Amino acid sequence: MFFERSVVFLAILSVALGQTDDEESFLFVTKQTINRFLVQNKEFTIKYGLYNSGPTTVYNIHLNDAHSFPADQYELLVGTLSAKWERLNAGTNLTHIVVLKPKQSGISNSTYAIVTYQKSEKNTDVQKTYSSEFGDVYIMTSREYDRRFSSHIIDWLLFTAMASPCIVFPFFLWFKSKSKYEALVTKEKSSKKAQ
Amino acid sequence: MFRVVLAALAIIALVNGETCESPEFKVNSHSTRDARLTAESAAQLEITVKCKNGKQPGTLYADINGQVVPCAQTPAAPGKYFIGVAANTHKELASGRTKIKLYDDDSYSALRKARTEDATKAVKPFGQVELNHPGVSYGPWLPSEFFAVCTFGLVWWAAYRERSKILG
């Protein structure tokens, strides 16, 4: 009886004391790509989502992802790989978009982004968190992508050019003999009429 | 007396010098164009602000879909502000021009203090920029194979007609 009561008392105490941890907020960072395919020399868009779960504002947020996409393999088109925000209010979320262009094809692995923030304006203790990652990705060459998705007009024009001798040459032979035959028939008819 | 006037003038100069007056925005807008390459739509605005008195606004906040969030800045380029907009499907990102209101520190704190709907609307934004999204393309309407089939079908049909005339 006493044991049960003490366990219940300890449980209530831990829940009551545990409530104070909820005063601080925690920042969740997701890192995703919105591309269906990754193609060399085509846009590669990455979406970073920052979510403030918890009741307080976080301050001085820094996102650094330059190590995932080195400049010799990726060209930066839009956005920045190291971004900072003043604050993020409780319960709100932020989106940051970066558009890169892969210079090489093949398998490329990317790691998580590193995000640092302060839990309060006065307390300058920096909290570090990592974003999610999407692991190894396969960047296809632009030839592979074009084979599936380009409009193929030039291919068809070339095909028509190559197929036309097979069609035009017999047609020409037939047309020549047909016009000769028709000319003969009309000559006969006109000569018959004359007679 | 003179010192008081000087101090007052100094304070006025300081206050006026702090805020950015009549800002001019230069916007670089980028959005998803190819719907076959991407599964979702996203847009990013890169804003450069030029103030008449040469000051930078500090932090800018943007009103995206009703939510006011701070703009990203980068240590590498101090004058640039970034706004990112993401949509779960291609249709959710409205094509055409969308106006986004910007707030600086002063107008943002006024916005936070406003409690009623009217008061929120009465806060004058720092500026306004436009997101221009031309829309996404799913590829050509008619594939080139369609035209190839039509052309060769016509050729075949003409030849078949002549053949039937000869044989019939």
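Analyst: Buried means under 20% relative accessible area. The model discussed here is predicted.

User: Why does Phe126(B) count as buried?

Analyst: Phe126(B) has a relative accessibility of 13%. The cut-off for buried is under 20%, so Phe126(B) is buried.

User: What makes Phe25(B) count as partly exposed?

Analyst: The relative accessibility of Phe25(B) is 24%. Partly exposed lies between the 20% limit for buried and the 50% limit for exposed, so Phe25(B) is partly exposed.

User: How many aromatic pairs are there over all chains?

Analyst: The count is 18. One of the pairs is formed by Phe25(B) and Phe126(B).

User: Why is the pair of Phe25(B) and Phe126(B) called edge-to-face?

Analyst: The ring centres are 5.9 Å apart and the planes stand at 85°. A pair needs centres within 6.5 Å, and planes over 60 degrees apart count as edge-to-face, so this pair is edge-to-face.

User: Which parts of chain B does the pair of Phe25(B) and Phe126(B) tie together?

Analyst: Phe25(B) belongs to strand E1, while Phe126(B) sits in the loop between helix H3 and strand E7, so the pair links parts 101 residues apart in sequence.

User: What makes the pair of Trp156(B) and Tyr160(B) stacked?

Analyst: Their ring centres lie 5.1 Å apart, with the planes at 15°. Planes under 30 degrees apart count as stacked, so the pair is stacked. Both residues are in helix H4 of chain B, four residues apart, which means a separation of about one helical turn.

User: Is Trp156(B) buried or exposed?

Analyst: Trp156(B) has 55% relative accessibility. Exposed means over 50%, so Trp156(B) is exposed.

Terms used
Residues are numbered from 1 along each chain as its sequence is written. Chains are lettered from A and ligands numbered from 1 in the order in which they are written. This is a predicted model: local features need pLDDT of at least 70, side-chain atom pairs count only at pLDDT 80 or more; totals for chains, interfaces and linings use all residues. Side-chain values use heavy atoms; hydrogens and water are left out. Rings of Phe, Tyr and Trp (its six-membered ring) pair if their centres lie within 6.5 Å; planes under 30 degrees apart count as stacked, over 60 as edge-to-face and the rest as tilted. Helices (H or I, at least four residues) and strands (E, at least two) are DSSP runs, numbered from the N terminus. Buried means under 20% relative accessible area, exposed over 50%, partly exposed in between (1.4 Å probe, protein chains only).
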